[in-house]
Amino acid sequence: MTDTTDRIEKKVLLRATVERVWNAIADAENFGTWFGVKFDDPFAPGARLKGRITPTQVDPEVAKMQEPYAGQEFMFQIERIEPMQRFSFHWHPYAVEPADYSSEPMTLVVFELEPVTGGTMLTITESGFDRIPLARRAEAFKANDEGWTHQARLIGKYLARMA
C-alpha cells in the first residue's frame, strides 16, 4: 500500500514465529540470503556497513532481475535494533548506477513485527523520498515500490525453506 509519494508501505503475513522472522531480518547473513546482498560486517545499532548486491538465493526469477547489478556497492546505516519488534536502517534508494550518492539524503527503511494468529505480520516501510533529488525521485520510488513487493515474497520463501 502506498500512501504518498514520500512513503512506501508493504504488509505481509508470514507463517512463522516472531523469533524466526526476527532472525531472518536482523542477522546480516540471513538478511542477505533472501534480500540479495552481502555485507562486510554484522548488523549493530549505528553501524555503517558496506553491502554488495548478490542475487537472492531463494528465487531464481528475482535473482535474474538482480544479476545486472551484482557486485554494485552501497552504504547501509543501521538506525535501530529493537529485538523481536523493529529493525531500521538508512540507505540511498535505487542506488544501482556506479555513482557517488554520498551527498544525497537517505531514506529510512523500517521492518516492524507483530505476532498475529497464524504467524507474524511484517510491515516494511520506506520513507523520505520527497528529499531525494528530483531527477532520481520518481524512478527510485517506482523501483523500490516494486522491489519491496518482491522482497515481501522473498522473505516468505526464505522462511518456508528454512522451516
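Author: In this predicted model, the part to examine is the meeting of helix α2, residues 28-35, with helix α4, residues 134-161; their axes come within 8 Å and cross at roughly 115 degrees. Both values are given because two packed helices are described by the angle between their axes and the distance between the axes. The crossing of α2 past α4 is right-handed. On the side of α2, the contact is made by N30, T33, W34 and F35, and on the side of α4 by W148, Q151, L154, I155, Y158 and R161. Sorted by class, the residues of this contact are 6 nonpolar, 3 polar and 1 charged.

The buried residues of α4 include R136, A140, F141, N144 and D145. Also buried are W148, Q151, L154, I155 and Y158, which belong to the contact with α2 as well. As a general principle, an α-helix has 3.6 residues a turn, so residues three or four places apart point the same way.

The wider setting is as follows. The chain holds 4 helices and 7 strands, in the order β-α-α-β-β-α-β-β-β-β-α from the N terminus. Of its 163 residues, 48% are buried. A compact globule of 163 residues would have a radius of gyration near 15 Å, and the chain, at 15 Å, agrees with this. Its C-alpha trace spans about 45 × 30 × 30 Å along the principal axes.

How values were computed:
Residues numbered from 1 in each chain as written. Predicted model: local features only at pLDDT ≥ 70, side-chain atom pairs only at ≥ 80, totals over all residues. Heavy atoms only, no water. Axes fitted to C-alpha atoms, helices over the stretch in contact; angles between N-to-C directions. Helix = DSSP H or I, 4+ residues; strand = E, 2+ residues; numbered from the N terminus. Left-handed = near helix turned anticlockwise from the far one by under 90°. Contact = heavy atoms within 4.5 Å. Nonpolar A, V, L, I, M, F, W, Y, C, P; charged D, E, K, R; others polar. Buried < 20%, exposed > 50% of the residue type's maximum accessible area, 1.4 Å probe, protein only. Rg over C-alpha atoms; globule rule 2.2 N^0.38 Å.
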